[in-house]
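Student: I have the sequence and the model open. Can we go through a few local features, one at a time?

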Amino acid sequence: MSGIAGLFRFHHNPEKLTEDRHLIQRSAETVAYRGPDGIRHWADGNVVLAHLMLRTTPESVDEVQPLLDDSGALCLVMDGRVDNRAELLMELRRAGAAPRTETDAELVLQAYACWGEQCAAKIVGDFAFAVRDRAREVIYCARDPFGIRPFYYHWNEERFLFGSELRQILADRSIRAEPNEAMVAEYLAGPITSKTETLYRNIFRLAPAHFMVVNRGGATMGRYWNIDPAREIRYGSDEQYAEHFREVFEEAVRCRMRSQRPVGSELSGGLDSSSVVVTAQSLLREGKAGTPGFESFSLVFPGERCDESKYIDAVVNHCGARANRMAPEQFDPQMSLEEIAGSRAFPQPPNIVMSGSLQRAAAGRGFRVMLTGRGGDLWLTGSLLRYADMVREFRIGSLLRQAREDRASATIDDSFPAVALPPLALARAGLWPLLPSVVRESVKGLLGRDGVPGWLDHTLASQVQLAARLRSDMRRGDYRSLAQTHIFRRGTSGDEQHSAEMEQDHAARFGIEKRHPFDDRRLVEFCLALPEEQRWRGRFTKLILRNAMETQLPGLVRDRMTKAEFSAQFVNLVRDPETGKRMKELSIEQAGWVNGERVRELHADLTGWERGGDEMFARSIWPFWMIYGMELWHRSAFGNTWGQTGAGTGESALARTACTVYGDRMGGESYEQ
């Protein structure tokens with residue numbers, strides 16, 4: 001992934017120009033690993049922009065950013081990729097534009113010139129970009145629909161500052177690094193709902209699928225994309241659904257294989273990653289992939305229950321893809337503390353850290369692009385709220401048949417949503433969601449179920465109004481069904497955004513750009529227009545994907561009903577004596593964020609997890625990780641004090657170095673280090 005940075009001073013002040021340039025240079029330096037192919041800066045009056053280049057597509061070989069238009073009025077910096085290039089180019093020419101090149105950055109710059117604030121809606125792909133518009137004296141910013149590419153920012157009455165990572169904003173030493181206790185409480189409670197706040201006060205994220213226009217008067221924001229909740233796709237047979245899905249899915253994989261270097265793909269042995277691998281290998285074999293080569297990369301766990309080697313072997317033997325296997329990287333709390341000291345962000349969890357060996361191996365062999373199966377579970381598994389839809393539509397026979405299938409398959413399928421549904425659970429899935437929200441909230445209040453866990457300090461929860469922040473709004477609105485509502489909100493939730501940001505940030509440190517075919521906007525729109533029976537029928541979830549992959553996947557993988565569970569990667573952490581010591585001296589307990597006794601009880605239960613069984617461990621380990629991660633973050637970022645200023649105490653090497661400055665015929669000046 002590339003990187004971006006920028007500063008917009010609302011009132012031109014020549015005396016601040018050198019200071020502003022040094023700040024953006026320092027900001028870029030903090031994430032220099034994002035720019036192995038060069039870091040370039042551009043300044044004009046009250047605006048300074050920087051771009052860190054990681055070339056991952058054939059077109060990017062000739063791409064130069066920051067990118068100006070011929071008039072010099074527009075200047076773009078972008079971390080991103082355009083996947084609907086042919087369609088966008090056609091629309092641009094139809095609108096009278098004449099792109100000078102066919103680089104992705106040029107297409108996006110021309111899109112803004114043509115359509116202004118609505119340009120992001122025209123772009124399919126992963127992106128975070130900013131355009132300085134001199135004529136309007138604004139900065140226009142936009143972020144992709146699922147938050148794959150990050151965008152952080154801060155503003156005050158004097159200026160607007162943005163970057164690809166949190167640490168870039170904190171490179172500004174005038175910003176006081178203070179914890180945002182409302183987000184701290186969300187992290188500790190479990191579900192993260194906010195898509196705009198960060199763990200620091202006054203540092204924000206641009207929400208996915210949104211644009212922002214910043215000027216000296218403030219900022220306006222708008223949503224440029226949403227699903228069409230009324231859209232429905234109806235065919236007469238499973239074969240027709242599968243054929244249409246295969247067409248959309250192949251395009252989602254194909255456009256993500258556009259690379260001047262060989263492309264890798266993470267292969268876990270699950271249905272989703274396996275479907276990506278076999279489709280990519282097929283496209284390569286047919287000469288339809290825009291890459292010189294393709295290989296799979298897998299983590300293996302010999303002797304452990306989560307080892308997927310037999311499924312991995314079945315896939316690569318079936319499709320002929322070249323396979324790479326490596327052991328997982330082990331989580332090291334000390335390294336995590338050092339990581340936080342640099343990044344200032346919440347630590348990477350063990351199940352992401354373990355892929356470090358995979359990313360390192362791929363990067364060491366020159367790979368820069370890695371495909372994944374991310375998103376398959378979100379858009380294709382289904383929702384238990386389907387039962388409520390059946391009740392609402394008086395399809396009682398269908399409901400009872402599905403309930404029988406679930407009970408019959410519960411003993412062989414340990415993946416969602418196949419769970420035994422006794423009458424009480426069936427009532428909860430089928431009747432509870434249909435009650436008016438005021439009734440549901442009243443019942444929860446009477447039962448004392450406000451979503452605030454016992455280990456969270458209730459004074460903190462009350463002060464930040466945590467219960468209200470966590471409250472799920474299950475009103476139907478304009479959505480076609482409760483299941484569709486749940487799937488879309490789950491897929492675009494704050495939790496999912498947090499997960500995507502963590503995963504991309506981890507890969508970026510190795511010079512790897514992750515691409516997710518299942519998160520293709522066109523594929524998501526298609527999936528959410530399907531009838532629920534194409535997602536989940538009988539004991540099979542992801543039915544349409546299984547049907548689409550009927551000949552491409554080996555039966556062992558296509559028909560599997562289980563999924564590897566990696567919570568075992570946390571066992572060593574839980575049982576590490578150092579973890580026990582940390583639990584006795586919690587800095588977040590001293591800060592008034594958690595009830596230390598309840599945290600230690602949770603840790604004790606997990607330490608003896610065999611007594612509670614696998615289900616208890618899997619249910620409790622993620623809340624424990626969020627507590628443990630918060631402890632690491634608080635200790636590393638703040639020690640025992642708050643109110644520290646931004647990262648770093650001395651002038652950066654880059655800021656001290658005299659820059660080579662060369663004039664630009666467009667106005668303003670570009671300079672690179």
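Student: Which residue of strand 7 stands opposite F129?

Tutor: This is a predicted model, where local features need pLDDT of at least 70, side-chain atom pairs count only at pLDDT 80 or more, and totals for chains, interfaces and linings use all residues. Residues are numbered from 1 along each chain as its sequence is written, and side-chain values use heavy atoms, without hydrogens and water. Strands (E, at least two residues) and helices (H or I, at least four) are DSSP runs numbered from the N terminus. In strand 7, the residue opposite F129 is A142.

Student: How many bridges join strand 6 to strand 7?

Tutor: Strand 6 covers residues 127–133 and strand 7 covers residues 138–143, running antiparallel. Two strands pair if DSSP finds at least two bridges between them. Here the number of bridges is six.

Student: Which strands are the edge strands?

Tutor: The open sheet has six strands in the order 4-5-6-7-12-13, with antiparallel pairing. An edge strand here pairs on one side only. The two are strand 4 (67–68) and strand 13 (218–223).

Student: Is R546 buried or exposed?

Tutor: R546 is found in helix 22, residues 543–548. Its relative accessible area is 8%. Buried means under 20%, exposed over 50% and partly exposed in between, with a 1.4 Å probe and protein chains only, so R546 is buried.

Student: How far apart in space are R546 and L271?

Tutor: The two are in contact, meaning heavy atoms within 4.5 Å. In sequence they are 275 residues apart. C-alpha to C-alpha, the distance is 8.1 Å.

Methods:
Lists of a residue's contacts leave out its neighbours within four places in sequence.
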